[in-house]
Amino acid sequence: MVSGTILGEYTSAVSADRLWKASFCDGHNLIPKLLPGIISSIEILEGDGAGVGSVKKFNFTDVIKDYSYVKDRVEVMDQENHIVKYSTLEGGVMGIKVKSYTVEISLTATSEGGCLSKMKIEYESIGDSLLSEADANDMQQGIFAMVKAIDAYLVENPTAYA
């Protein structure tokens with residue numbers, strides 16, 4: 001078992017406040033509407049869906065071949081500083097490629113009025129080596145796909161989540 005870290009960034013023209021509200025406060029409602037070909041539903045199993053301790057189950061369509069769901073628990077939800085951290089409890093690549101992983105995403109305002117989204121994934125591999133570059137990229141892009149879909153929706157709907 002080896003510990004690894006995956007880092008990524010994404011720049012948005014949308015303000016940190018709007019992207020935060022849509023992604024992390026109401027994402028369980030919005031994401032399945034924006035990505036119906038990938039995510040069939042998001043169930044809130046515990047909590048309110050946005051607070052610390054909330055457990056959500058993301059159910060995937062048949063487009064995702066390797067697994068059908070992922071279950072996450074919110075560990076940190078810092079509304080003021082726009083930082084969320086969650087741990088994966090089961091599903092997804094857990095048990096297939098990694099033993100465990102956590103994801104931390106922060107949104108920081110930019111001088112242009114948009115925001116910078118930074119993501120850090122920390123994981124423990126199942127084997128004695130780090131994830132391949134392709135597997136690490138797939139993990140990162142899968143998570144950022146949701147943020148990018150919400151970003152596009154907010155650009156097209158400038159009064160949503162204002």
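Guide: β3 and β4 run antiparallel and are joined by five bridges; two strands are taken to pair if DSSP finds at least two bridges between them. Helices (H or I, at least four residues) and strands (E, at least two) are DSSP runs, numbered from the N terminus. The model is predicted, so local features need pLDDT of at least 70 and side-chain atom pairs count only at pLDDT 80 or more, while totals for chains, interfaces and linings use all residues. Residues are numbered from 1 along each chain as its sequence is written, and side-chain values use heavy atoms, with hydrogens and water left out.

Within this pairing, Val-55 has Arg-73 of β4 as its bridge partner. On to the next pair: eight bridges join β4 to β5, again antiparallel, and Val-74 stands opposite Tyr-86 in β5. These two strands form a hairpin with four residues between them, and His-82 in the turn has a positive phi of about 55°. Tyr-86 in turn stands opposite Val-103 in β6. β5 and β6, antiparallel and joined by five bridges, form a hairpin with six residues between them, where Gly-92 in the turn has a positive phi of about 60°.

These pairs belong to an open sheet of seven strands, in the order β1-β7-β6-β5-β4-β3-β2, with antiparallel pairing. β1 (3-12) and β2 stand at the edges with a single partner strand each, so one side of each has no neighbour in the sheet. The twist averages 20° from one strand to the next.

Axes are lines fitted to C-alpha atoms, for helices over the stretch in contact, and angles between N-to-C directions run from 0 to 180 degrees. α2 lies across β2 and β3, at about 165° to β2. α3 lies across β1, β2, β3, β5, β6 and β7 (115-125), at about 25° to β1.

Several of these elements also line the largest pocket. A pocket is an open set of points on a 1 Å grid over the protein atoms alone, where a 1.4 Å probe fits, with protein on both sides within 12 Å along at least five of seven lines; lining residues have an atom within 4 Å of a point. The lining comprises 39 residues, of which Phe-60, Met-139, Gly-142, Ile-143 and Met-146 lie nearest the centre. Among the elements that each supply at least two lining residues are β3 (55-60), β4 (69-78), β5 (83-91) and β6 (98-109), and α3 gives the most, with 10 residues.

Notes
Contact means heavy atoms within 4.5 Å.
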